[in-house]
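Welcome! Here is a short briefing for someone meeting this structure for the first time.

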Amino acid sequence: MNTLTKRCLAAVSCLFAASTLFAQQTKSPAPSATSNPPTPIQKSVEAYLRNLYAFGPDVQVTVGPLKETSIPGLMATDITVKVEDNVQAVQFYVSKDGKYLLRGELSDLTKDPTAENRAKLQIKDAPVWGDPKASITMVEFSDFECPVCRSLHDVLHGLLENYPQVRLVFKDFPLEQHTWARTAAIAGRCAYNQDPKAFWKLYDLIYDNQDVISPENSYAKLTDYASQIGLNPDTFKTCRASPEAAAAVDASRANGLALQVSSTPTIFINGRRIVGADPHLVEQNIKYELDQQKTAKH
């Protein structure tokens, strides 16, 4: 990687710092060749960002369609920046007159900030670890090939033993740029279908052996791990080839996209979003929920 590319990546990291720190970003698709020509505002936003961060012609900046928001005079757009094989995307806001650009999240102070997330989370048919009736629900959108997800796996193993009030729900969110993540996600779904408890054994084996799994050996490795945890090999093989297992993984990923998940791991603690694997931040949120529940009882 040359010096210019490194500088461009540093600028991209700065541009998207609010949403991509300590997590692995999903790869955004390239713009469609049939896309409508950019509007004057889209051109203005691109020109501004190129000027601000010194993006040359080798950096692809795509300003998505402008969408109405619930706030008068403000539109939303997804901006994607690509440097070689590195792609990052995040939502920005633009004033209708084209004068102002805002990055970050808009918050409606009249609403519960976590209620919308809780309403969107689909956890009915997902692996659950811990007490099903626990007062705190932690939903993890994760990718088996993601190194930061493995770090979160290690964090949760040590942390959740101290908090029986928390149940963990796993949701597949394989990143498109990863070569065996989807294969592992389908294997996990098939383990869950045979025995919900077996899923968590496979979950541990995959993350504990992440460094030795590759595109070339992933199918054989996952078959071996399934055998180690006592799954029926024929049933497991049939499931992995079935459209139902693939559809379940797709549905889980779609649920993440509906919640604007763009990086792994992303977790929701009673609807409150955390991106990354910071153990202090995870524990802080758990303690906050416990304090809130204790206060509500008095």
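Leu202, Leu205 and Ile206 of α7 meet Leu222, Tyr225, Ala226 and Gln228 of α8, where contact means heavy atoms within 4.5 Å. By class, six residues of this contact are nonpolar, one is polar and none is charged; Ala, Val, Leu, Ile, Met, Phe, Trp, Tyr, Cys and Pro count as nonpolar, Asp, Glu, Lys and Arg as charged, and the others, Gly among them, as polar. Please keep in mind that this is a predicted model, in which local features need pLDDT of at least 70 and side-chain atom pairs count only at pLDDT 80 or more, while totals for chains, interfaces and linings use all residues. Residues are numbered from 1 along each chain as its sequence is written, and side-chain values use heavy atoms, leaving out hydrogens and water.

**How α7 and α8 cross**

- Helix α7 covers residues 196–208 and helix α8 residues 218–228; their axes come within 10 Å and cross at roughly 135°. That makes α7 oblique to α8 (angles under 35 degrees count as roughly parallel, over 145 as roughly antiparallel, 65 to 115 as roughly perpendicular and the rest as oblique).
- Axes here are lines fitted to C-alpha atoms, for helices over the stretch in contact, and angles run from 0 to 180 degrees between N-to-C directions.

**The chain overall**

- The chain has eleven helices and twelve strands; these are DSSP runs numbered from the N terminus, with helices being H or I of at least four residues and strands E of at least two.
- Of the 298 residues, 45% count as buried (buried means under 20% relative accessible area, exposed over 50% and partly exposed in between, with a 1.4 Å probe and protein chains only).
- Among contacts between residues at least 6 apart in sequence, 69% join residues at least 24 apart.

**Helix α10 and its partner α6**

- Helix α6 (residues 181–194) and helix α10 (residues 243–258) pack at about 110°, with axes 9 Å apart. The two helices are therefore roughly perpendicular to each other.
- On the α6 side the contact is made by Arg182, Ala185, Ile186, Arg189 and Cys190, and on the α10 side by Ala245, Ala246, Ala248, Val249 and Asp250. Seven of these residues are nonpolar, none is polar and three are charged.
- With 16 residues, α10 reaches 22 Å from its first C-alpha to its last, close to the 22 Å expected at 1.5 Å a residue (the expected span is 1.5 Å times one less than the number of residues).
- The buried residues of α10 are packed against α4, β8, β9, α6 and α9.
- Ala245 of α10 counts as buried at 2% relative accessibility. Leaving aside residues up to four places away in sequence, Ala245 touches Ile186, Arg189, Cys190 and Cys239.

- Most residues other than glycine have a negative phi, and most peptide bonds are trans.
- Gln260, in the loop between α10 and β10, has a positive phi near 60° and counts as exposed at 51% relative accessibility.
- A cis peptide bond, with omega about -5°, joins Thr264 and Pro265; Pro265 lies in the loop between β10 and β11.
- Asn270 also has a positive phi, of about 50°, and sits in the loop between β11 and β12. At 14% relative accessibility, Asn270 counts as buried.
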